[in-house]
Amino acid sequence: MASTKIPLTLLDPDGGWVNAPVHVSELDGLPVLLHFWTMDCDDCAAQFEAVNQWVVDYGPRGLKVIGVDVTHSETELRDTNKVEGFAREHALRYPIAVDDGSMAKSYGVDKHPSFLLFGPDGRLSNRIGGKDALRRVRALLKDLPQADRELSGEVSDAEEAQVPASP
């Protein structure tokens, strides 16, 4: 059986991240939504706009959204430029981890896209996939409890760098 704690320790905090690395300590007391996707998945790309909006709508309530690109290429693992370009092209507003498959495997994620929602206690509360995943996640987020710790409401430099420039 897969662990029910957020497995970010499987990822190297000094590599394998696009946008900005996330450290496990940053997630203490926060609800976390992991969005597993691949660059060659059209259904995944169709969800990015909604996920970006959740960052805006639920980030102030404490939700931390983390994208997980489940790579199929050893080249992507060594050189995240391709994933970074993809994230920029899709104006993704959240950190993205490049997973060699071990993080997805630890949760039994075998379909893309998939979402895992963790409560502020760090425990997995919902696993969502399939065609109606956006609707189901949206319903869960509406009932999202406030984070256990207070957020400053300030945007960090790393988060600001993720926001696409206005046309």
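1. Strand β5 is largely enclosed by the rest of the structure, because five of its five residues are buried. Here, buried means under 20% relative accessible area, exposed means over 50%, and partly exposed lies in between, for a 1.4 Å probe and protein chains only. Strands (E, at least two residues) and helices (H or I, at least four) are DSSP runs numbered from the N terminus. The model is predicted: local features need pLDDT of at least 70, side-chain atom pairs count only at pLDDT 80 or more, and totals for chains, interfaces and linings use all residues. Residues are numbered from 1 along each chain as its sequence is written, and side-chain values use heavy atoms, with hydrogens and water left out.

2. Both faces of β5 are covered. On one side S114, L116 and F118 are buried, and on the other F115 and L117 are buried. In a regular strand the side chains alternate between the two faces of the sheet.

3. β5 and β6 form a hairpin with five residues between them, and G122 in the turn has a positive phi of about 85°.

4. The largest nonpolar core contains 27 residues. Such a core is a set of buried Ala, Val, Leu, Ile, Met, Phe, Trp, Tyr and Cys residues joined through side-chain atoms within 4.5 Å. L33, W37, W54, L63, I96, F115 and L141 have the most contacts inside this core. At least two of its residues come from each of β2 (32-37), α2 (48-58), α4 (81-89), β4 (96-99), β5 (114-118) and α6 (133-142). The largest share, five residues, is supplied by α2. Apart from this core lies another of 16 residues, among them V22, F36, Y107 and V109.

5. Which residues is L63 in contact with, leaving aside its neighbours within four places in sequence? They are P31, V32, L33, W54, Y58, L117, L141 and L144, where contact means heavy atoms within 4.5 Å.

6. Five aromatic pairs are found in the whole structure. Rings of Phe, Tyr and Trp (its six-membered ring) pair if their centres lie within 6.5 Å; planes under 30 degrees apart count as stacked, over 60 as edge-to-face and the rest as tilted. W37 and F48 form an edge-to-face pair, at 5.2 Å centre to centre and 80° between the planes. W37 lies in strand β2 and F48 in helix α2, so this pair ties together parts that are eleven residues apart in sequence. Both W37 and F48 are buried, and together with F86 they form one aromatic cluster.

7. Three salt bridges are found in the whole structure, each being a side-chain nitrogen of Lys or Arg within 4 Å of a carboxyl oxygen of Asp or Glu. R88 bridges to E84, with the closest N and O atoms 3.7 Å apart. R88 and E84 are four residues apart in helix α4 and are therefore separated by about one helical turn. R88 is exposed at 59% relative accessible area, and E84 is partly exposed at 30%.

8. D132, R135 and R136 are linked in a network of salt bridges. The closest N and O atoms are 2.7 Å apart between R135 and D132, and the N to O distance is 3.4 Å between D132 and R136. R135 is exposed at 52% relative accessibility, whereas D132 is partly exposed at 30% and R136 is partly exposed at 31%.

Definitions and conventions
Pairing = 2+ DSSP bridges.
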